[in-house]
Amino acid sequence: MNVPPHVSPADFAAALRAFAEVVGADWLFTSDEDLELYRDSYSVLWGEADEPRAAAAVAPASAEEVAALVRIANRYRIPVYPISTGKNLGYGGAAPAVAGSVVLDLKRMNRVIEIDERNGYVVVEPGVSYFDLYNYIQEKGLKLWIDCPSPGWGSLIGNALDGGVGVTLAPYRNHFDAQCGMEVVLPDGRVLRTGMGAMPGAKTWQQFRPGFGPRIDGLFKQSNFGVVTKMGFWLMPQPESHATGVLTVPRFHDIIPLVDIIGRLEQGKIVQGLWTLSSPTTGTRGDAAHFGGPPAIDPAIRVILEDPAGADMTKLEAAAQAAGLPFWSCEFQLYGPARFIEAQWECIREAVSAIPGAQFTLNPVRALPLPAEDVARMFDPGPLGIPSLRTFSLGPMYTYEDQEVVGHIFFSPVIPRTGEAAIEAMDVFARIGRKYKLPGPPLQFPSAIFERAFLFAMGLPVTRSPEVNAKVRAIFRELVAVAAERGWGEYRTAPAFYDLIMGTYSYNDHALRDFLETIKDAVDPNGIMSVGRYAIRARAAKAAG
């Protein structure tokens with residue numbers, strides 16, 4: 001049996017017996033077969049000595065059981081690692097950050113505790129997935145929408161706590177920004193409620209975020225200061241109608257005024273839904289969820305894109321014009337009453353018409369909800385608030401370095417929301433992609449999923465070859481270093497790179513990390529909670545090695 005570090009076999013056995021008394025023997029998992037489920041199937045350390053493997057897993061059914069388990073863990077100094085559903089593929093999955101941890105699997109805590117159509121909120125436990133909540137809303141006939149990531153099998157709470165995002169309206173699509181009020185089991189087993197929930201019998205816990213005093217909800221995002229057992233989310237009312245609008249601009253450098261114009265429209269809340277940037281020269285959209293296999297690319301354009309020295313944008317622009325293609329395309333998701341959608345689109349047309357050669361198409365405005373047969377024909381119904389698993393049908397399996405690719409890890413830097421920054425980032429990352437012959441589209445585009453910054457989400461291949469995975473880790477480190485030199489930081493990462501990324505947030509001799517560790521020492525002096533998560537560690541645990 002795998003034993004947690006710095007814990008004797010006798011103490012570990014005693015802790016497991018105590019865990020079983022709380023949850024029942026059926027919900028304590030120690031066999032090799034059971035613990036296979038708590039490996040990260042996309043681990044870039046798969047099968048290596050450094051792969052973080054769980055020593056056991058335990059599945060409580062309530063916040064009270066969580067609190068009891070945490071108190072036992074403190075008594076025996078057992079590191080515990082809570083997960084919601086463990087579907088965090090590309091960012092760690094169900095595996096702990098540090099080998100020998102006991103996974104605290106919250107999947108049995110799957111209740112929708114409260115939903116309020118009038119005020120547009122819901123309170124859920126960690127085991128509630130996007131599918132669960134969507135089906136619950138449909139069964140109740142409520143006119144509410146959820147914002148879901150792709151795929152939709154993950155936990156609302158887990159996704160929000162890790163910084164996950166979706167594809168509908170701002171601010172709902174930034175899932176932590178949509179949360180309002182949480183219940184947390186602290187590392188000593190005490191239960192805390194944030195915001196208005198700190199008042200017994202509060203009537204506005206999910207309606208007013210700040211509460212009284214400091215707003216502390218953010219301390220539990222991407223951290224290890226407690227176990228979130230309940231969380232409230234603001235939901236959006238079902239829009240009356242939906243449409244997509246597409247605009248194009250002809251030249252490569254048109255991206256500079258285009259981004260500025262759309263940015264002003266977003267800041268003024270005229271553009272509210274997600275918009276995606278792509279280039280018809282590549283035959284793909286900027287949103288990776290819409291890749292549907294190899295793109296259809298004009299042969300003359302393909303020659304330029306596949307030049308080992310890199311695509312010459314002047315030649316590419318000329319080839320696109322010869323092929324009758326604009327260089328850039330933007331698709332907008334538009335929601336609301338039909339007259340509001342039409343007014344939004346008219347404002348977009350008027351503003352972007354300042355760019356010579358801009359063209360505009362507003363697709364039919366359709367009443368919601370759409371017929372089921374129309375939804376079934378959509379590749380990704382996420383923009384309609386409908387979760388799916390269709391992201392897993394993005395195309396055939398492929399190889400890298402003659403090894404089958406089994407998954408991916410995301411390099412996810414945030415860059416300024418300017419056309420100049422987008423051009424620089426596309427060039428920088430494309431050069432590294434060519435250098436190492438990484439699979440993927442010849443040009444990768446920034447995502448406008450955040451309201452005031454661009455996100456690059458670059459998937460690096462994961463195989464079952466330790467040698468190839470070691471190369472991928474080296475490429476990842478190079479990408480991080482190149483990005484950090486330009487002031488581009490990652491907003492989220494896989495556990496294998498927690499320390500690497502935290503090391504780039506080093507202003508004033510790592511003042512941020514030191515502050516987080518000061519909090520960790522105060523709330524978790526034994527260092528048992530989510531050891532290593534986002535590179536936050538109790539100093540006593542660090543000293544012990």
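Helices (H or I, at least four residues) and strands (E, at least two) are taken as DSSP runs and numbered from the N terminus, and the expected span of a helix is 1.5 Å times one less than its number of residues. The model examined here is predicted, so that local features need pLDDT of at least 70 and side-chain atom pairs count only at pLDDT 80 or more, whereas totals for chains, interfaces and linings use all residues. Residues are numbered from 1 along each chain as its sequence is written, and side-chain values use heavy atoms, with hydrogens and water left out.

Helix α1, formed by residues 9-23, has 15 residues and reaches 21 Å from its first C-alpha to its last, close to the 21 Å expected at 1.5 Å a residue. Among the residues of α1 that are buried are Phe12, Leu16, Phe19 and Val23, where buried means under 20% relative accessible area, exposed over 50% and partly exposed in between, with a 1.4 Å probe and protein chains only. The elements covering the buried residues of α1 include β1 (28-29), β2 (56-58), α3 (63-76) and β4 (102-105), contact being defined as heavy atoms within 4.5 Å. After α1 comes Gly24, whose phi is positive, near 95°.

Strands β5 (residues 112-116) and β6 (residues 121-124) pair in the antiparallel sense over four bridges, two strands being paired if DSSP finds at least two bridges between them. Glu114 has Val123 of β6 as its bridge partner. The two strands, β5 and β6, form a hairpin with four residues between them, and Gly120 in the turn has a positive phi of about 70°.

Gln222 is placed in the loop between β9 (191-193) and β10 (227-234), and Gln222 counts as buried because its relative accessible area is 14%. A polar atom of the Gln222 side chain lies 3.0 Å from the backbone oxygen of Asp162. The side chain of Gln222 also makes a polar contact with the side chain of Tyr534, at 3.4 Å; a polar contact is a pair of N or O atoms within 3.5 Å, and within protein one must be able to donate a hydrogen and the other to accept it, while residues adjacent in sequence count only if both atoms are side-chain atoms.

A search of the whole structure finds zero disulfides, a disulfide being a pair of cysteine sulfur atoms within 2.5 Å. Cys148 counts as buried at 1% relative accessibility, and Cys180 is buried with a relative accessible area of 0%.
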